[in-house]
Amino acid sequence: MTIMAKKPKIEYLNRMRPSEVRRIKDMSVRLQLLTEALTRKDLNDWRRAWQWAVNVDNPNRTRLLNIYTDVDADLHLTGCVQQRMGFVLNKSFRICDAKGDENPELTELLEAPWFKRFMELSLQSIFYGHSLIELGEVTETEGKPSYSYVNLVPRTHVIPEYGVIVTHENDTWQTGYDYRHSDMAEWCIEAGGTHDLGIYLKCAQQTIPKKNMCAFWDMFGEVFGMPLRVATTTSRDPKEYDRIERMLRDMGAAAYGLFPEGTTVDLKESTRADAFNVYDKRIDRCNSELSKGILTVTMTMEDGASLSQSQVHRQMLDNLIQKDADFIRDLVNWQLIPRMVRHGFPLKGFRFDWNDAVDYTPEQQVEYERMLLERYEVDPRYFIDKYNVPLVERRVRETSRQGKQELARPEGWSFFD
């Protein structure tokens, strides 16, 4: 027996009523945002939050997203995420027609802060899960159309399983506003699947124990890191007890004390030497698991064993970067550009693509240009514009008396000039 989930109550907007349009416009600003509680999380909290997020009747990601905030505070994880996103954000792109020819003017149209923000928010959906991106009003900057802003609708107020936005983060989806079948659909872009909870769901299994182990290690250092100071005295005067206790408590780097006769002070050194293996090894294991989860490899963030091994790991990372780049390209071509065309941008018949030729390594660029020079006649203007070198003419080879080919020297040139 198949149980069908109820469809959401779709609230269509009346374009003739300005009040309805104003109510939907800038929805992310009008949401009743609440201050997030930065409480300590454990794996039980993570599992319960996961259960709330996958609830079929009333899905709610608020608790899980609060855990994600704690997950994102991990420095090693931040480095992995920034490395993965940085490779894609630094790639060169172009706008080309159906034949693959680039249009530099339209490419420059997307070289704007709002588009970089759009790509950044889209890539974050890989880690946080489904993200609803809001496009601002169309404005004109230096004679070119652009969006006034690109914002992320707070994830705690979005229920993507039913395509609604709720005013309060704990409201049910039945009370929300439908953004897929209303005017909001023209100004919102969905990044990630409707049931996608992001990679942070798995990363939480490592960041939560890692924070606990760091706290336990601090407690260990506080208890066993300093020698225990023990004082014994033969005095029976309570005032002397208080004075001795005060001097022990105030002992620092240059400590001294004037103890009464019959008092001895002993320092008890800790014999526990396994703290490093207990705590540090567990933290290292968490870091390596996080590297595998975000980058699928470890040697781009940690020390490697050999050059050949690191090259294999780099190839694996390149495949992951290509996957993320394809995700951005499909999102732009299938969602962003159609909306831009309807908003008046001159992009009809054009598509977004990555310009890998600009991102060649120096070695690849040398081989690429050598192949062009060997097979084709290249316009010198290409090298003049690219390297800013004032080329005049190509040196021709001439045959010397010994039968060897040598480069013809420019007139008046010698080694002694």
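In helix 3, Asp45, Trp46, Ala49, Trp50, Trp52 and Ala53 meet Arg63, Leu64 and Ile67 of helix 4. The model that shows this contact is a predicted one. Helix 3 covers residues 43-53 and helix 4 covers residues 62-72. Their axes lie 7 Å apart, and the two helices pack at an angle of about 135 degrees. Angles over 145 degrees would count as roughly antiparallel, and those from 65 to 115 as roughly perpendicular. Helix 3 and helix 4 are therefore oblique to each other. The crossing of helix 3 past helix 4 is left-handed.

A further helix pair involves helix 5 and helix 7. Helix 5 consists of residues 75-89, and its axis comes within 11 Å of that of helix 7. The two axes cross at roughly 140 degrees, which makes helix 5 oblique to helix 7. This crossing is right-handed. From helix 5, the contact draws on Val81, Arg84, Met85, Val88 and Leu89. Helix 7 contributes Met119, Glu120, Leu123, Gln124, Ile126 and Phe127.

The three strands form an open sheet in the order 5-2-9, and their pairing is antiparallel. Strand 2 comprises residues 131-135 and is joined to strand 9 by four bridges. These two strands run antiparallel. Within strand 9, Glu190 stands opposite Leu132.

A second open sheet has three strands in the order 6-7-8. Here, too, the pairing is antiparallel. Its edge strands are strand 6 (158-159) and strand 8 (177-178). Each of these pairs on one side only. Strand 7, formed by residues 164-165, is linked to strand 8 by two bridges. Strand 7 and strand 8 run antiparallel. Val164 stands opposite Asp178, a residue of strand 8.

The largest nonpolar core holds 59 residues. Among its members, Trp114, Phe115, Phe118, Tyr200, Ile294, Leu336 and Phe352 touch the most others. Helix 11 (residues 307-342) gives the most to this core, supplying 10 residues. Beyond residues up to four places away in sequence, Tyr200 touches Tyr68, Val71, Asp72, Leu77, Val81, Phe127 and Tyr128. Of these partners, Val81 also belongs to the helix 5 side of the contact with helix 7, and Phe127 to the helix 7 side. A second core is separate and has eight residues, including Val153, Val158, Ile165 and Cys188.

Two individual sites illustrate opposite surroundings. Thr107 is part of helix 6, which spans residues 104-110. The relative accessibility of Thr107 is 4%, and the cut-off for a buried residue is under 20%. Thr107 therefore counts as buried. Leaving out residues up to four places away in sequence, Thr107 touches Phe93, Arg94, Ile95 and Glu102. Ile95 is 12 residues from Thr107 in sequence. The C-alpha atoms of Thr107 and Ile95 are 5.0 Å apart in space.

Glu142 is exposed, with a relative accessible area of 79%. This residue lies in the loop between strand 3 (138-141) and strand 4 (144-147). Phi of Glu142 is near 55 degrees, a positive value in a residue other than glycine.

For the protein as a whole, 13 helices and 14 strands are assigned. Of its 417 residues, 35% are buried. Among contacts with a separation of 6 or more, 65% link residues 24 or more positions apart.

Notes:
Residues numbered from 1 in each chain as written. Predicted model: local features only at pLDDT ≥ 70, side-chain atom pairs only at ≥ 80, totals over all residues. Heavy atoms only, no water. Pairing = 2+ DSSP bridges. Core = buried A, V, L, I, M, F, W, Y, C linked by side-chain atoms within 4.5 Å. Buried < 20%, exposed > 50% of the residue type's maximum accessible area, 1.4 Å probe, protein only. Contact = heavy atoms within 4.5 Å. Axes fitted to C-alpha atoms, helices over the stretch in contact; angles between N-to-C directions. Parallel < 35°, antiparallel > 145°, perpendicular 65-115°, else oblique. Left-handed = near helix turned anticlockwise from the far one by under 90°.
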